[in-house]
Amino acid sequence: MSEPKKLNIDELVTKAQKGDGHAFGQIYDELVKPIYRYIYYRVEPAIAEDLTEETFLKVWENMRQYKKGKFSFSAWVFRIAHNLVCDYYRKRQSVTAEMDENTADPMPHNNPAFQVNVKFNEIRLRNAVRKL
């Protein structure tokens, strides 16, 4: 009984860098689940598939820029996924920051008018308690 042949990622990367789509497909098959898991636990589940897809699109587009050396290919792919997760949260934060100034404050205790109103109510309550 022969052992299943272990994929040599470095060989597949070299082939994929030369435009071999089949080799890239094998790389995708090898890394898609761990990348999806990595992203899934960092963003909403509905976003995880899109970011996983975008990760592999960026990997394909930048495949020739990868140089073997200090980091493994899979670490390079995980770094792309990580950067996309960071970009997702950065964009989400900027959308939140651009909210309309007339939007109700979800935390009214931060509103100065609310704080003044609370203070007046406290004074009224103390005066009412003193009268009793």
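Reader: In which helix do Arg-90 and Asp-87 lie, and how many residues apart are they?

Author: Both lie in helix H4, 3 residues apart, which is about one turn of the helix. Helices here are DSSP runs (H or I, at least four residues), numbered from the N terminus. This is a predicted model, in which local features need pLDDT of at least 70, side-chain atom pairs count only at pLDDT 80 or more, and totals for chains, interfaces and linings use all residues. Residues are numbered from 1 along each chain as its sequence is written, and side-chain values use heavy atoms, leaving out hydrogens and water.

Reader: How many salt bridges are there?

Author: A salt bridge is a side-chain nitrogen of Lys or Arg within 4 Å of a carboxyl oxygen of Asp or Glu. The count by this rule is 3. One of them joins Arg-90 and Asp-87 at 2.6 Å, N to O.

Reader: Which parts does the salt bridge between Arg-92 and Glu-44 tie together?

Author: Their closest N and O atoms are 2.7 Å apart. Arg-92 is in helix H4 and Glu-44 in the loop between H2 and H3, so the pair ties together parts 48 residues apart in sequence.

Reader: Is Lys-68 buried or exposed?

Author: Buried means under 20% relative accessible area, exposed over 50%, and partly exposed in between (1.4 Å probe, protein chains only). Lys-68, at 65%, is exposed. Its salt-bridge partner Asp-10 lies 3.2 Å away, N to O, and is partly exposed at 33%.

Reader: Which residues touch the most other members of the largest nonpolar core?

Author: Such a core is a set of buried Ala, Val, Leu, Ile, Met, Phe, Trp, Tyr and Cys residues joined through side-chain atoms within 4.5 Å. Of its 25 residues, Ile-27, Ile-39 and Phe-73 touch the most other members. H2 gives the largest share, 8 residues.

Definitions and conventions. Helices (H or I, at least four residues) and strands (E, at least two) are DSSP runs, numbered from the N terminus.
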